[in-house]
Amino acid sequence: MEDFELFEPKNWIELQEFLFNEKDHKIDRFRSPYAYRGVYNAEFGLEPSLQRMGRKPSKVEGTMIRNFKKYSPINTLTDDYNNLWNWMTLGQHHGLPTRLIDWTHSPNVALHFLTEDMDTYDVDGAIWMVNYVALRDQLPEELKTPIFNKDIFYFSSTELQQTIGNSLEQLYDFSSRNANTMIFFEPPSLDDRIINQFALFSFMLDPDSNPLEWLKKHPKYLKKVIIPSGLKWEIRDKLDQANITERIIYPGLEGISKWLKRWYSDKNKLK
């Protein structure tokens with residue numbers, strides 16, 4: 001029995017009401033404190049891509065980032081070439097295994113990723129939700145003070161550079177002096193994909209730790225929505241009608257091609 005909140009909607013209406021039910025009563029606006037992550041299989045946890053490689057993350061992370069920077073075109077990051085957090089963002093964005101986990105501010109974008117692959121419609125999916133606003137209480141004092149003084153909910157890459165450091169050596173030193181926790185930051189707008197996906201990243205101070213296991217020890221910050229497999233087609237069709245499609249998620253020719261391939265596929269011939 002899990003201690004965090006579990007919810008399984010019976011239909012689209014129940015799903016939308018649950019996902020869009022968060023209200024900030026201080027300002028009387030519907031503003032959610034949650035980050036959302038959609039996975040096509042409800043059994044999937046929250047392991048970052050660096051952990052899924054089968055290597056101990058702390059043993060390979062430095063080499064991965066060093067070589068990614070070394071082999072990338074010199075003008076890849078023209079504004080802030082030395083910012084470690086921008087390099088992590090860029091690598092994550094282009095498939096490099098990192099300690100980062102992708103989230104979105106948009107429940108419907110999370111539902112898009114959950115239903116993007118039609119070959120997975122025979123298994124239940126899930127939306128993971130983490131309250132990144134309340135999670136600030138778990139920050140080390142060195143991070144808690146600036147984030148509360150500025151009355152902000154998550155960091156920028158520049159603020160992480162200023163508070164934690166600009167190298168993996170500084171990050172590991174900071175981690176050794178503080179208790180492990182989950183930290184959220186908003187990536188810079190490197191391209192339209194990051195903007196359109198309403199992207200947000202999290203990472204653990206200890207890259208070898210399991211994010212979900214840590215969250216289970218702090219269940220008040222975590223929710224999980226189980227999406228029944230039988231609901232996926234309705235979700236997908238209604239997302240298309242709301243223009244939450246590959247054309248928006250992946251701006252450009254790749255997104256158009258992905259969208260057209262899925263749009264004209266025969267539902268009855270899929271697995």
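**Helix packing and overall form of the predicted chain**

Helix H2, which covers residues 57-71, packs against helix H3, which covers residues 84-93, at an angle of about 85°, and the axes of the two helices lie 11 Å apart. Here axes are lines fitted to C-alpha atoms, for helices over the stretch in contact, and angles run from 0 to 180 degrees between N-to-C directions. H2 and H3 are therefore roughly perpendicular to each other, given that angles of 65 to 115 degrees count as roughly perpendicular, those under 35 as roughly parallel, those over 145 as roughly antiparallel and the rest as oblique. On the H2 side, Glu 61, Ile 65, Phe 68 and Lys 69 meet Leu 84, Trp 87, Met 88, Leu 90 and Gly 91 of H3, where contact means heavy atoms within 4.5 Å. The residues of this contact divide into six nonpolar, one polar and two charged; Ala, Val, Leu, Ile, Met, Phe, Trp, Tyr, Cys and Pro count as nonpolar, Asp, Glu, Lys and Arg as charged, and the others, Gly among them, as polar.

The model is predicted, with local features requiring pLDDT of at least 70 and side-chain atom pairs counting only at pLDDT 80 or more, whereas totals for chains, interfaces and linings use all residues. Residues are numbered from 1 along each chain as its sequence is written, and side-chain values use heavy atoms, with hydrogens and water left out.

The secondary structure of the chain comes to 12 helices and eight strands, these being DSSP runs numbered from the N terminus (helices, H or I, of at least four residues; strands, E, of at least two). For 271 residues, a compact globule would have a radius of gyration near 18 Å, and the value of 19 Å for the chain agrees with this; the radius is taken over C-alpha atoms, and the globule rule is 2.2 Å times the number of residues to the power 0.38. Along its principal axes, the C-alpha trace spans about 55 × 45 × 35 Å. Buried residues account for 49% of the 271 residues (buried, under 20% relative accessible area; exposed, over 50%; partly exposed, in between; 1.4 Å probe, protein chains only).

Two residues other than glycine with positive phi values lie in loops. Asp 151, with phi near 55°, lies between helix H5 (141-149) and strand E5 (155-156), and at 60% relative accessibility Asp 151 counts as exposed. Phe 198, with phi of about 50°, is found between helix H8 (192-196) and strand E7 (199-204), and at 43% relative accessibility Phe 198 counts as partly exposed.
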